[in-house]
Amino acid sequence: MEARSQVLDRVLVLEMVRVTEAAAIAASALVGRGDEQAADAAAVEAMRTALNELYMDGTVVIGEGERDEAPMLFIGEKVGSAPGKGPRIDIALDPLEGTTITAKAGPNALAVLAIAEEGCLLNAPDVYMDKIAVGPGYPPGMIDLEKSATENIAALAAAKGVKPSDIIACVLDRPRHGKLIAELRASGCGIMLIDDGDVAAVIATTDPDTTIDIYLGQGGAPEGVLAAAALRCVGGQFQGRLLFRNDDERSRARKWGIEDLDKVYDLSELAKGDCIFAATGVTDGSLLAGVKRKGKIMTTESVVMRASSGTVRWVKGEHRIG
């Protein structure tokens with residue numbers, strides 16, 4: 001278990017929940033409206049406002065993109081009410097993880113946030129990441145991104161004492177995963193294909209009730225850091241390798257201090273030391289219930305985790321409106 005951070009002690013755990021609640025409530029007004037950009041913009045504005053009310057000197061290290069791509073919550077943006085005075089905190093965030101899901105009123109859209117002491121979260125550029133993740137309770141090093149999907153399924157099945165056919169793998173339903181899906185099916189395991197929301201999918205590997213045993217495939221690098229922060233709190237294994245499509249993406253990675261472009265990162269390299277992870281459901285999903293409106297009351301469901309204590313808190317909120 002990680003040593004408790006005195007810096008993070010000054011940023012209350014429940015304050016992080018209030019931030020994700022604000023983003024989720026704002027995005028919920030646009031569920032099913034078919035407008036991804038409007039839903040994301042609403043969540044971003046609400047999260048930024050909530051962060052700026054907190055006593056801290058915060059820096060966004062995983063955000064909506066670089067300054068020229070995102071007007072708010074861009075990588076490097078300073079947030080908090082006490083610049084130069086409050087505790088120095090690095091923040092990874094996705095105000096609306098699942099913009100397409102929200103626009104279509106699908107499952108598992110979340111507002112997500114992770115914080116750690118300065119320098120403890122990988123400052124990953126907004127590129128793809130090859131990922132593999134399992135929940136807690138397995139021998140260290142059981143999964144290996146350098147090995148084939150077939151080998152990883154066999155290793156997981158052996159560790160669980162079951163056949164590969166008893167394993168369920170979760171994969172984003174994308175054309176780029178055609179070969180991966182074919183290999184997984186050839187190995188005999190079952191596959192749960194999801195349209196979006198790979199942070200929730202990685203976290204789902206820690207909960208036997210979801211039936212998801214392993215997550216594999218390529219998704220956003222920012223989401224990879226957020227998922228790693230969650231696993232640092234509850235246990236599990238994660239490996240990620242940044243993927244670059246062109247020289248522009250490689251130069252952006254170097255800009256943020258990444259020199260070894262082929263490096264395979266493990267959990268502790270993506271999210272070091274003590275960290276706090278919080279998420280609030282926007283739409284109903286396997287992890288959290290979505291925002292509901294009942295008259296003049298809106299209800300939310302959130303989860304907040306801390307690495308140093310291993311504590312997981314489930315928080316139900318009632319918010320009076322009007």
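Which residues of helix 6 (residues 178-187) are buried? They are Leu 180, Ile 181, Leu 184 and Ser 187, where buried means under 20% relative accessible area, exposed over 50% and partly exposed in between, with a 1.4 Å probe and protein chains only. Bear in mind that this is a predicted model: local features need pLDDT of at least 70, side-chain atom pairs count only at pLDDT 80 or more, and totals for chains, interfaces and linings use all residues. Residues are numbered from 1 along each chain as its sequence is written, and side-chain values use heavy atoms, with hydrogens and water left out.

**Helix 6**
- Looking down the axis of helix 6, the buried residues fall within an arc of 125 degrees, so they line one face of the helix (the arc is that of the directions from the helix axis to the C-beta atoms).
- Over on the other side, Lys 179, Arg 185 and Ala 186 are exposed.
- Gly 188 follows helix 6, and its phi is positive, near 105 degrees.

**What the buried residues pack against**
- Their partners are helix 5 (149-160), strand 6 (168-172), strand 7 (190-194) and strand 8 (214-220), with contact meaning heavy atoms within 4.5 Å.
- Helices (H or I, at least four residues) and strands (E, at least two) are DSSP runs, numbered from the N terminus.

**Strand 8**
- Six of the seven residues in strand 8 are buried, so to speak mostly covered.
- Strand 5 (residues 128-134) pairs with strand 8 in the antiparallel sense over seven bridges, and Ile 132 has Leu 216 in strand 8 as its bridge partner.
- Two strands pair if DSSP finds at least two bridges between them.
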